[in-house]
Amino acid sequence: MRPDLFEAPDYYQLDDLLSDEHLLVRDAARQWVKRDISPIIEEYAQKAEFPKQIIKGLAEIGAFGPYIPEEYGGAGLDQISYGLIMQEIERGDSGVRSTASVQSSLVMYPIFTYGSEEQRKKYLPKLATGEFMGCFGLTEPDHGSNPGGMVTNFKDKGDHYLLNGAKLWISNSPFADIAVVWAKNEEGRIHGLIVERGMEGFSTPETHNKWSLRASATGELIFDNVKVPKENLLPGKSGLGAPLGCLDSARYGIAWGAIGAAMDCYDTALRYAKERVQFGKPIAATQLQQKKLAEMITEITKAQLLAFRLGQLKNEGKATTAQISMAKRNNVEMAITIAREARQILGGMGITGEYSIMRHMMNLESVLTYEGTHDIHLLITGADITGFQAFK
């Protein structure tokens, strides 16, 4: 493993816009990634295994529900702090950021926002410390971009609900203690249910043979006549808008996280270009490599400004779903383009595990698709500006 020499680019001096708290939170996450992620992540990606020992560290840097109030175990931070944490973690690895993002935005967020006070007190403090890990069950084998077509359902059996169905492509599912599951009741209305590991008929088979997010645990959720206590229904909101509200929070985190992956690829390529000598001079002194690097830092800077302004809007409660979609789509596309260009700068070395670039590139292929595909986010923006839904 090469030493982690990462230096974050800040071409437009965005640090000057951050508060002292923002900087403390970000720098703590940055140092943790350097110490606890960089030395091990290539090995775990190669063997396609999630490093469970990092869960405690993720909790300690506030990566689990940082914006959840302190009374429920969260850090009570703002949305920019949340974004900065996601940026730093994804600089280490997209799969690790997925673990934290799911825990925060797809498990803790719905319990806090839609849950009862009893549910908040029961689950949130343990999720914040990592004692409980969670997952989010929305996508199904036949329903991805059209989650409203889900077939997972539950029936009222008097003193409990009977849940049946299956979910696919679920981050954290193989080791999750709880799952926030979205299913239709007998009237076809979508509700959220908290399903706990150990409930009879509930299983979480792992998905193998992934070329992407290899250091993240992915699996299924299978419900075969699972008896779910009635108190496990999220009472605060029903309908498709409930899970989509969770996805807004997750997509916001991704918009920041992708910047971290892009930063790492850029920083690696810049350092390599300065050191790699061909035809008697560093390749950084050639026009084509400077073009690549100049375009990288330009796109990173634009993405930073987009994410920062979106964070301000989130803090003010003004950020729209369409604005979040724009940032997620733009920043992930930016990151994967930079990863591909950085790989070219490194030549053959770019495909080896000695450098992070190819791992980031493979990971970003998944990030491009999950939490709403690249094309769906384009159409969300299109619908917002024209008033016409083109994907129905």
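Start by selecting Asp-267, which counts as buried because its relative accessibility is 7%, below the 20% cut-off. Keep in mind that this is a predicted model.

Arg-271 is partly exposed, with a relative accessible area of 22%.

Next, select Asp-4 and Arg-91. They form a salt bridge, with the closest N and O atoms 2.9 Å apart. Asp-4 sits in the segment before α1 (20-37) and Arg-91 in helix α4 (residues 79-92), so this pair ties together parts 87 residues apart in sequence. Arg-91 counts as buried, at 4% relative accessibility.

Move to Lys-47 and Glu-49. Their side chains meet in a salt bridge at 3.8 Å, N to O. Lys-47 is partly exposed, at 40% relative accessible area. Glu-49 is partly exposed too, at 35%. In total, the structure holds 22 salt bridges.

Now for the nonpolar residues. Which members of the largest nonpolar core touch the most other members? Select Leu-58, Ile-89, Ile-111, Leu-127 and Trp-182, out of 102 residues in this core. Helix α7 (residues 241-275) gives the largest share, 18 residues.

Zoom in on Leu-58. Among the residues it touches are Trp-32, Phe-64, Ile-89 and Val-96.

Last stop: another core of 18 residues lies apart from the largest one. Select Ala-179, Val-181, Phe-202 and Phe-223, which are among its members.

Notes:
Residues numbered from 1 in each chain as written. Predicted model: local features only at pLDDT ≥ 70, side-chain atom pairs only at ≥ 80, totals over all residues. Heavy atoms only, no water. Core = buried A, V, L, I, M, F, W, Y, C linked by side-chain atoms within 4.5 Å. Buried < 20%, exposed > 50% of the residue type's maximum accessible area, 1.4 Å probe, protein only. Helix = DSSP H or I, 4+ residues; strand = E, 2+ residues; numbered from the N terminus. Contact = heavy atoms within 4.5 Å. Salt bridge = Lys/Arg side-chain N within 4 Å of Asp/Glu carboxyl O. Lists of a residue's contacts leave out its neighbours within four places in sequence.
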